[in-house]
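Student: Please take me through the model shown below, one step at a time, and define each term as it comes up.

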Amino acid sequence: MSEAIVEESLILPDGRTLCYTTFAAPTASVESEPEDQRTVFYFHGYPGTYHEGVLFHDAASKKGLRVVGITRPGFGGSTHDPKRSLLSFANDVLAVADHLRIERFASLGISGGCPYALACLHSVPRERLVGTMVVSGLYPATLGLDGMMLINKVIFTLSPWIPNSVLSLIFDTAMGKPARDPAHPDRLAKDLAASMESRTAEDGAAIHMHDDKFLKALVESTRDALRNGGEGSAWEAKLFSKPWGFELKDLKAEKGKLVLWHGSKDVNVPVQMAEKAAAQIPNADLRVEQEEAHISLIVNKLDDIVETLAGMF
């Protein structure tokens with residue numbers, strides 16, 4: 001994708017601003033877009049923004065799919081909402097869909113986008129949600145954190161007990177300040193690359209594939225997510241760590257309409273969490289890639305992911 005990413009925004013009924021953008025098949029336009037354009041809503045990782053969706057631009061274009069990435073409240077230009085929940089995000093998604101005259105759509109949740117994809121599966125009417133895809137997804141902490149990398153385990157264990165102001169300061173000091181460091185603009189890229197390289201050999205290699213394509217997208221996503229501080233990251237850590245507002249066993253999906261894709265070498269979110277989640281959700285199609293980790297799965301299976309999404313329409 002050579003064109004610059006154009007940020008769009010929507011003022012919601014409660015006055016909040018929600019930012020989004022469009023990748024792949026024809027740019028979303030309230031005035032001209034056909035209502036039957038096959039559309040996938042992309043739910044970014046954590047912390048992050050819609051910038052990650054650029055990774056799917058080329059593959060989605062080949063399949064005639066439009067990808068609409070939404071930046072969640074508290075990240076980037078989307079207004080922080082201290083009252084929001086996982087389930088309330090489904091209403092934000094429907095607001096954007098209605099604004100763009102998108103009647104039917106699929107959802108794609110990557111990593112920390114998983115809870116929101118499942119929240120939409122819970123709350124969005126089936127006549128509108130045609131299918132759900134989760135890749136390297138984060139599942140409820142109640143499934144167990146064994147095998148999870150230490151920093152993630154600490155965040156999801158302690159965040160419910162840490163005041164939001166303190167947690168926000170921690171995130172801003174650790175990630176926000178490097179992201180906003182004008183004197184060292186390459187610092188964030190170096191920090192993110194080193195972090196991925198320290199996890200698994202698979203992720204360390206994937207972060208640099210295709211001329212650092214994933215790394216560049218991750219840098220832009222992270223920089224945008226933390227441009228106003230760590231408040232959004234702190235709030236979302238709490239949302240992930242406490243009860244989600246729905247039970248996995250109560251989710252309803254038609255056969256072939258819910259795919260959970262995971263790498264067996266993932267240390268961000270260990271594969272046993274995905275296995276336990278899939279066992280609880282009726283008709284969940286769990287696909288485990290034995291030689292993939294957290295981001296290598298996304299990079300190496302990107303075409304397969306998009307093809308599967310296209311088949312849901």
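**Pockets, a helix face and a core**

Student: By class, how many charged residues does the lining of the second largest pocket have?
Tutor: Its lining has eight nonpolar residues and one polar residue, where Ala, Val, Leu, Ile, Met, Phe, Trp, Tyr, Cys and Pro count as nonpolar, Asp, Glu, Lys and Arg as charged, and the others, Gly among them, as polar. This is a predicted model, in which local features need pLDDT of at least 70 and side-chain atom pairs pLDDT 80 or more, while totals for chains, interfaces and linings use all residues. Residues are numbered from 1 along each chain, and side-chain values use heavy atoms, without hydrogens or water. The charged residues in this lining number four.

Student: Which helix supplies the largest share of the lining of the second largest pocket?
Tutor: A pocket is an open set of points on a 1 Å grid, reached by a 1.4 Å probe, with protein on both sides within 12 Å along at least five of seven lines, and its lining residues have an atom within 4 Å of a point. Helices (DSSP runs of H or I, at least four residues, numbered from the N terminus) H1, H8, H11 and H12 each supply at least two lining residues. The largest share, four residues, comes from H8.

Student: How much space lies in the largest pocket?
Tutor: The largest pocket is lined by 40 residues, with Tyr46, Pro47, Asn152, Met175 and Arg199 among those nearest its centre. By class, 29 of the lining residues are nonpolar, eight polar and three charged. Taken as the space filled by probe spheres set on the points, which are joined across faces, edges and corners, its volume is about 880 Å³.

Student: Within what arc do the buried residues of H6 fall?
Tutor: In H6 (residues 187-197), Leu188, Leu192, Ala193 and Met196 are buried, meaning under 20% relative accessible area with a 1.4 Å probe, protein chains only. Seen down the helix axis, these buried residues line one face of H6 because their directions, taken from the axis to the C-beta atoms, fall within an arc of 125°.

Student: Is Ala97 buried or exposed?
Tutor: Ala97 is found in H2 (residues 88-99). Leaving aside neighbours within four places in sequence, Ala97 is in contact with Phe41, Ile102, Phe105 and Arg128, contact being heavy atoms within 4.5 Å. With exposed set at over 50% relative accessible area and partly exposed in between, the value of 0% makes Ala97 buried.
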